[in-house]
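Subject: Structure handover and findings

Hello,

Here is the structure you are taking over.

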Amino acid sequence: LEMFWIYSKVADMNQIRNIPNVPASVTGKPVDSNGVPEREDATARGALIQLKKFLGLSRYGFSERPKLVIQGFGNVGANLARLAGEEGFNFNCVAVSDVVAGVYNPHGLHVSALFDWYQKNKTFAGYPNAEPISNADLLELETDILLPAATENQITGKYADRVKASVVFEVANRAITSVEEEILSAKQIPVMPVII
């Protein structure tokens with residue numbers, strides 16, 4: 001809604017000034033107002049495509065359904081969880097967290113039930129079908145792939161030593177600093193930056 005408002009204001013200014021390509025001035029517009037279809041999940045979908053390609057080329061020998069741990073449940077994290085099990089991706093989302101709480105099920109989360117709970121309660125706290133887990137403990141879970149999708153500087157020095165994921169796929173901007181990347185590299189845990 002905010003993006004449409006900005007777009008309409010730029011369009012109004014175009015009557016006074018000659019602004020080239022008004023629709024390109026703002027991203028995130030509704031599709032019927034020159035927005036891009038499926039933009040909402042584009043970053044998550046692109047990340048999963050890259051991840052699938054990486055796993056196909058890697059020497060790590062993951063199972064047919066690699067386990068994902070997702071930190072953050074904003075637009076990108078939520079769409080990662082939603083898309084992970086779709087045909088073509090076939091990942092098993094075992095843990096996810098929001099700002100307040102996280103949930104973990106080593107066998108995999110029932111994602112549609114999880115979304116229903118989150119939509120109703122606006123938090124994972126109290127979700128009955130998984131173990132509660134803190135954001136800090138979520139970063140330390142044994143998993144195939146850890147996806148920090150929250151804010152920057154999530155895997156700091158005090159967490160980098162405790163990461164047990166086989167691969168860290170950095171979806172949030174600067175979730176890991178160069179110092180922590182060196183710590184993870186010394187543990188032979190590759191850090192993949194997402195390029196969307």
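Predicted model: local features only at pLDDT ≥ 70, side-chain atom pairs only at ≥ 80, totals over all residues.

Residues are numbered from 1 along each chain as its sequence is written, and side-chain values use heavy atoms, with hydrogens and water left out.

The sheet

Helices (H or I, at least four residues) and strands (E, at least two) are DSSP runs, numbered from the N terminus. An open sheet is built from 7 strands, ordered β4-β3-β2-β1-β5-β6-β7, with mixed pairing. At its edges are β4 (131–133) and β7 (191–193), each of which pairs on one side only; two strands pair if DSSP finds at least two bridges between them. On average, neighbouring strands are turned by 25° against each other, direction ignored. β3 and β4 run antiparallel and are joined by 3 bridges. Gly 102 has Ile 133 in β4 as its bridge partner.

Helix α3

α3 packs on the sheet and touches β1 (67–71), β2 and β5 (145–148). Contact here means heavy atoms within 4.5 Å. The direction of α3 makes about 160° with that of β1; axes are lines fitted to C-alpha atoms, for helices over the stretch in contact, and angles run from 0 to 180 degrees between N-to-C directions. Of the 10 residues of α3, 8 are buried, among them Val 76, Asn 79 and Leu 83. Buried means under 20% relative accessible area, exposed over 50%, and partly exposed in between (1.4 Å probe, protein chains only).

Charged residues

The whole structure has 1 salt bridge, defined as a side-chain nitrogen of Lys or Arg within 4 Å of a carboxyl oxygen of Asp or Glu. Arg 45 and Glu 86 form this salt bridge, with their closest N and O atoms 3.9 Å apart. The two are 41 residues apart: Arg 45 is in helix α2 (residues 42–57), and Glu 86 is in the loop between α3 (75–84) and β2 (92–97). Arg 45 is partly exposed at 26% relative accessibility, and Glu 86 is partly exposed at 31%.

Asp 98, in the loop between β2 and β3 (102–104), is buried yet has no salt bridge. Lys 122 is the nearest side chain of opposite charge, 11 Å away (Lys and Arg count as positive and Asp and Glu as negative; His and the chain ends are not counted). The side chain of Asp 98 does reach the backbone nitrogen of Phe 124, at 2.9 Å.

Regards

Terms used
Polar contact = N/O pair within 3.5 Å; in protein donor to acceptor, adjacent residues only side chain to side chain.
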